[in-house]
Amino acid sequence: MAFPVGFGWGAATAAYQVEGGWDADGRGPCVWDTFTHQGGDRVFKNQTGDVACGSYTLWEEDLKCIKQLGLTHYRFSLSWSRLLPDGTTGFINQKGIDYYNKIIDDLLANGVKPIVAIYHFDLPQALEDQGGWLSEAIIEVFDKYSQFCFSTFGDRVKQWITINEPNTLATMAYDFGIFAPGVPHIGTGGYQAAHNMIKAHAKSWHSYDSLFRKEQKGMVSLSLFVCWLEPADPNSKPDQEAAKRAINFQLDFFAKPIFIDGDYPELVKSQIAYMSKKQGYPSSRLPEFTEEEKKMIKGTADFFAVQYYTSRLVKHQESNKGELGFLQDVGIEYFPDPSWKGVGWIYVVPWGIRKLLKYIKDMYNSPVIYITENGFPQCDPPSLDDTQRWEYFRQTFQELFKAIHVDKVNLQLYCAWSLLDNFEWNNGYSRRFGLFHVDFEDPARPRVPYRSAKEYAKIIKSNGLEGPL
């Protein structure tokens with residue numbers, strides 16, 4: 001089962017989750033520093049990313065892991081507040097630049113292509129204090145930060161992600177308030193944050209296109225999280241429509257404006273307007289794009305980056321009480337099939353990734369697709385012989401093979417989440433996604449390969465799986 005020649009095999013990390021060094025060498029605080037330091041059981045056992053994997057001082061150890069796997073690509077994120085401590089170019093932290101220059105140069109010297117996320121959940125606290133993603137002012141600030149990144153690293157970085165999982169961030173951080181900054185605005189905050197993120201991404205893409213592309217010849221997109229959604233009863237029309245709405249709200253909310261026409265899906269607009277009216281709002285809680293903004297947003301992605309872990313079944317459920325909330329707006333209830341095996345929120349549903357890739361192909365005119373995250377956790381304490389996880393990966397690769405060869409999906413890159421066990425947001429260190437085990441009790445933070453790392457290295461070496469499907 002050979003993958004196409006030149007197929008990219010990668011692994012991913014994110015700055016706050018692995019670096020540590022939270023106040024080292026002039027780094028400013030980010031919202032996750034504030035959020036975790038406030039305690040109050042927001043995170044498992046009040047754990048923090050203060051030290052995490054120690055990658056800020058142990059990059060050489062990470063590089064050994066990358067070389068051991070034989071990766072062709074490594075996806076990592078820049079810590080905005082390590083580069084620009086207050087979020088603006090008013091003060092530039094040279095030590096932050098030096099750190100990322102070393103990572104990029106070392107990767108290239110070892111034949112590994114860097115894929116760089118400009119922003120992965122860790123907004124500088126100074127910007128959050130001014131309204132964060134709920135304020136329109138962030139659009140201009142993000143664009144300036146992006147331009148700084150392109151001009152500093154773009155001579156060597158050719159694949160950029162502007163914002164990692166804006167759909168997750170908008171909902172979890174600004175609607176539910178479960179992620180940092182942890183201030184819920186149920187029914188309104190998520191839409192406002194998403195609206196600003198889409199415009200910030202588009203502005204950043206245009207800056208690259210007009211100022212850097214000709215010379216640097218790179219590509220820019222954003223990464224969208226998708227949980228594949230199937231009707232609970234495939235023969236029920238209400239459930240079929242509920243699954244369609246769910247995908248519209250989760251994926252198409254961001255993808256349709258950027259890849260198709262600069263505006264939200266009609267189904268999303270009509271559903272939120274209907275619920276807003278029912279709740280006594282004078283107008284829809286979803287902000288509108290101007291005609292000029294629609295033109296600016298349309299076509300601002302050079303590839304389709306998607307992050308898939310699992311699937312859910314969806315049932316139609318209308319809210320009659322008029323409560324505010326994202327799920328109420330969508331009008332659904334969602335849950336796993338009882339037969340699916342899983343850990344935490346992730347169930348083993350490999351066929352979901354194939355269905356998702358086919359959906360993206362059909363809806364978005366066969367774009368080049370990168371899977372920028374995919375993985376399966378172990379609970380703590382983990383086993384180095386992680387058989388269940390390897391089985392998840394193996395079945396996933398089989399489905400990717402079918403998507404490429406049977407469905408003719410233009411998939412060009414796969415990145416496993418994650419290179420290392422790391423700080424998994426609210427789950428702290430209780431969920432382990434790493435291909436390499438990290439001992440968080442040992443100050444040296446040794447990295448030891450799990451079985452899945454050794455098996456993944458074989459897949460990369462042979463560019464595919466052995467044996468029949």
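This is a short tour of helices, helix contacts and salt bridges to select in your viewer.

Before you start, note that this is a predicted model, in which local features need pLDDT of at least 70, side-chain atom pairs count only at pLDDT 80 or more, and totals for chains, interfaces and linings use all residues. Residues are numbered from 1 along each chain as its sequence is written, and side-chain values use heavy atoms, with hydrogens and water left out.

**Stop 1: helices H14 and H15**

Select residues 351–363 for H14 and residues 387–405 for H15. Helices (H or I, at least four residues) and strands (E, at least two) are DSSP runs, numbered from the N terminus. H14 and H15 pack at an angle of about 25 degrees, with their axes 8 Å apart. Axes here are lines fitted to C-alpha atoms, for helices over the stretch in contact, and angles run from 0 to 180 degrees between N-to-C directions. That angle makes H14 roughly parallel to H15; angles under 35 degrees count as roughly parallel, over 145 as roughly antiparallel, 65 to 115 as roughly perpendicular and the rest as oblique.

The crossing of H14 and H15 is right-handed. A crossing is right-handed if the near helix is turned clockwise from the far one by less than a right angle, and left-handed if anticlockwise.

Now show side chains. From H14, pick Trp351, Ile353, Arg354 and Leu357; they meet Thr396, Glu399, Leu400, Lys402 and Ala403 in H15. Contact means heavy atoms within 4.5 Å. Sorted by class, the contact of H14 with H15 has five nonpolar, one polar and three charged residues. For these classes, Ala, Val, Leu, Ile, Met, Phe, Trp, Tyr, Cys and Pro count as nonpolar, Asp, Glu, Lys and Arg as charged, and the others, Gly among them, as polar.

**Stop 2: from H15 to H16**

How do the axes of H15 and H16 cross? They come within 8 Å and cross at roughly 25 degrees, and H15 and H16 are therefore roughly parallel to each other. H15 passes H16 in a right-handed crossing.

On the H15 side, select Thr387, Arg389, Trp390, Phe393 and Phe397; on the H16 side, select Arg451, Ser452, Glu455, Tyr456 and Ile459. The residues of this contact divide into five nonpolar, two polar and three charged.

A salt bridge is a side-chain nitrogen of Lys or Arg within 4 Å of a carboxyl oxygen of Asp or Glu. Which of the two, Lys458 or Glu455, is exposed and which is buried? Lys458 is exposed, with a relative accessible area of 52%, whereas Glu455 counts as buried at 17% relative accessibility. Buried means under 20% relative accessible area, exposed over 50%, and partly exposed in between (1.4 Å probe, protein chains only).

**Stop 3: salt bridges elsewhere**

The structure holds 33 salt bridges. Side chains of opposite charge can pair when their charged atoms come close.

Select Glu19 and Arg82, which meet in a salt bridge (2.8 Å, N to O). This pair links distant parts of the chain, 63 residues apart: Glu19 is in the loop between helix H1 (15–18) and helix H2 (31–37), and Arg82 is in helix H4 (residues 80–83). Both Glu19 and Arg82 are buried.

Next, show Asp105 and Arg156, another salt bridge (2.8 Å, N to O). Asp105 is in helix H5 (residues 94–109) and Arg156 in the loop between helix H7 (137–153) and strand E4 (159–164), 51 residues apart. Asp105 is partly exposed, at 38% relative accessible area, while Arg156 counts as buried at 18%.

For a network of salt bridges, select Asp263, Glu266, Lys269, Glu291 and Lys294 together.

**Stop 4: buried spots**

Step along H5 to Asp106. Asp106 is buried, with a relative accessible area of 15%. Leaving aside neighbours within four places in sequence, Asp106 is in contact with Trp59, Glu60 and Leu63.

Asp62 is found in helix H3 (residues 59–69) and counts as buried at 1% relative accessibility.

Finish at helix H8 (residues 166–175), where nine of the ten residues are buried, so H8 is largely enclosed by the rest of the structure. Just after H8, click on Gly177, which takes a positive phi of about 75 degrees.
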